[in-house]
Amino acid sequence: MDGVHLFVFLFFYLFLLQSKLCSFTPLCTDSRAPFTPKRPLVFCPYNGSVCCDSVEDLRLKKRVQAMKISDPSCVSLVKSILCAKCDPFSQELYEIDSHTQKVPLLCNSTVSVNSAEAKDAATGFCEKVWVTCQNVSILNSPFAPSLRGRVGAPISPTSSRLTDYWQSKDSFCNTFGGSPLSGAVCFNGEPVSQRITETPQIPQGLCLEKIGNGSYLDMVAHPDGSNRVFLANQEGKIWLANMPEERSGETLVVDESNPFLDLTDIVRLDTELGLMGIAFHPNYANNGRFFVSFNCDETQWSECSGRCSCNTDVNCDPSKLVFQNGALPCQYHSIIAEFTANGTVKPSLATKANPLEVRRVFTMGLPSTGNHGGQILFGPADGYLYYMMGDGAEGGDAYNFAQNKKSLLGKIMRIDVDNMPSTTEIFDHGLWGNYSIPKDNPYSSDKALLPEIWALGLRNPWRCSFDATRPSYFLCGDSGQNEYEEVDLIEKGGNYGWRVYEGTTLFNPPKSPGGNTSASSIKPIFPVMGYNHSVVSSDLGSASITGGVFYRSKSTDPCMYGRYLYMDLYAGAIWAGIETPENSMNFTSSQLSFRCAGNSPLECTMVENDSIPSLGYIFSVAEDNNKDVFIITSKGVYRVARPSRCNYTCSKEPSPNSNVPSPTSSSNYLR
């Protein structure tokens, strides 16, 4: 076969393969076409054209009841799996490689084919089934090996757990799971039709409106659910302000002379130093507790003192560190301090906080002025405080702190600020402040880790967020060294590779007084999204990634819903990442065009000789209680606005006259 014919053959082969992957026919497991039953299904959540009648629906209900499953969450999952028989695409779910299964193919996560750690990746819906049901007794389990078809020997129909049949999550999901990338349709807990017949509309671009001129580093929605927000600048001030609605045409008014809290006397301000983050206790509306992450200078403030992160435990000698701008190693510290708004009024009504520190939660001396993160967040599901910390290096992580399990540099920490540590806990764990250790932190299974560590192998995590709809999705932007900026999906005990890897590429450190970690000794979790420095405009350059949020406002830009927005610090580029299918952990991202609305409340400054707004440095991406998204920059505060205001088209955009509920106005609190 000559080269031309071979090319044509391969072209049509790939075309047919792609057609198979993208075109699925509604068929039932008996090869019948789906039908509309005479009576609607009561037990299984399917309507319209389905593959079950009311008799089959009742039979499935009785079967689930007969299993006598004690755990409600497990019952719900098993019900959804058995009811997949009613899905109009059930033949695609149950027929794999010409063999019909007794249960549908469960969605595993999709992972990069060049990842050496594919087998260790989280497994989406299949993992959810394993985690939820592994120790729950199920009579006549549908997951018994004999019911899998080609797997195992017959098992007696007695009450059993998944762990009676399968040694681990991997063995279970290797048997029952599959990836959409294989060309098969898999089951993720929802009707297949919701995923393959409703293609998400691709946004034409991101419309912005400028609502404020102030330069802030962080913004947090008020925990009381109102339209108020807290804004913090790098110098050390925090303000409370009302956020105007997107359709109002009003601006964000901040009384600069009347801050909620002023810490400028104790905060050390420099290029990478200052107030780094704020977090309000989940019960702030009642207890008034909130936390501030900032940097201080021990030569300027007597209460700025703590252990140096460069110490003998991590094979580091402070005397051998290079002085920076006349500053001694560990002269500057990273601090988390607790403050309170609990005073003469209910905390939710407070417009001023007590400036006196309630408790010093954490203090650590920094080996240099660079790469120390500093963001703090409360986990929405567990209520623990997460603390993002960089590798503490100016570049290259010479002492390999990020991979050192005895160092807190280059890590994400998870601590309990609701329970004070016991004397034994302080002594045994060598804590860096007044906090307790959650009992399920990774050190419980890996004693080599410091107990605070939740994840490791990060260079400088800058802006992380929990998805408002799926709190288990915890994404962080992690600043790269020379080539790649990455977005990581953070999981318990995960190692994100730095400085063995930068992105997915092996990194060659210029110097290594702290030693090296071999690639074969770790199981890196590679980025789910990111970008090379080379793709950003050469005029602007690429400074560092600014991690973002999942867009969850259906009332403003529904075409952006479910996409993860992230940006470059230099403000020359914005990306949107989409996960397909949902809960697969397989993301693709694309760079977005962006414009400023012609009727923006404040006029946008434009890039010279260009049609895009000049945003300055993008410090943070934030949400308010209405789930509108804001870009916090050195030139002001920008909100993602309705697409039509920038002449973008989104067929799902609500009518301007539609009645969209918004958070309760609290403007009277600020008067």
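In what order do the 4 strands of the open sheet that includes β6 follow one another? The order is β6-β7-β8-β9, and the pairing is antiparallel. The structure is a predicted model, in which local features need pLDDT of at least 70, side-chain atom pairs count only at pLDDT 80 or more, and totals for chains, interfaces and linings use all residues. Residues are numbered from 1 along each chain as its sequence is written, and side-chain values use heavy atoms, with hydrogens and water left out.

Back to that sheet. Its edge strands are β6 (218–221) and β9 (261–262), each of which pairs on one side only. A word on terms: strands (E, at least two residues) and helices (H or I, at least four) are DSSP runs, numbered from the N terminus, and two strands pair if DSSP finds at least two bridges between them. By that rule β6 and β7 (residues 228–232) pair in the antiparallel sense, with 4 bridges. Within this pair, M219 sits opposite L231 of β7.

Another open sheet has 4 strands too, this time in the order β24-β25-β26-β27, with antiparallel pairing. β24 (545–550) and β27 (587–592) stand at its edges with a single partner strand each, so one side of each has no neighbour in the sheet. From one strand to the next the twist averages 25°, where angles run from 0 to 180 degrees between N-to-C directions and axes are lines fitted to C-alpha atoms, for helices over the stretch in contact. β24 is joined to β25 (residues 564–568) by 4 bridges, and the two run antiparallel; F550 has Y564 of β25 as its bridge partner. Further along, the loop between β26 (574–579) and β27 holds P581, and the peptide bond from T580 to P581 is cis, with omega near -10°.

β20 pairs with β19 (residues 474–478) in the antiparallel sense over 4 bridges, and a hairpin of 5 residues links β19 to β20. C476 has D488 of β20 as its bridge partner. β20 also pairs antiparallel with β23, again over 4 bridges, and there V487 stands opposite M529. In the loop between β20 and β21 (501–502) comes R499, which is joined to W498 by a cis peptide bond with omega of about 5°.

Now for the helices. At the start of α3, a side-chain oxygen of D71 comes within 3.1 Å of the backbone nitrogen of S73. The buried residues of α3 are C74, L77, V78, S80, I81, L82 and C83, and what covers them includes α2 (54–66), α4 (90–94), β3 (106–107) and α5 (124–133). α2 and α3 pack at about 145°, with axes 10 Å apart. L60, R63 and V64 of α2 meet V75, K79, L82 and C83 of α3, a contact being heavy atoms within 4.5 Å. In the loop between α2 and α3 lies K68, whose phi is near 50°, a positive value in a residue other than glycine. K68 is exposed, with a relative accessible area of 65%.

N441 lies in the loop between α10 (423–429) and β17 (453–456) and counts as buried because its relative accessibility is 0%. The side chain of N441 makes a polar contact of 2.8 Å with the side chain of R414; such a contact is a pair of N or O atoms within 3.5 Å, and within protein one must be able to donate a hydrogen and the other to accept it, while residues adjacent in sequence count only if both atoms are side-chain atoms. P510, in the loop between β22 (505–506) and β23 (529–532), is exposed, with a relative accessible area of 70%.

Note on methods. Buried < 20%, exposed > 50% of the residue type's maximum accessible area, 1.4 Å probe, protein only.
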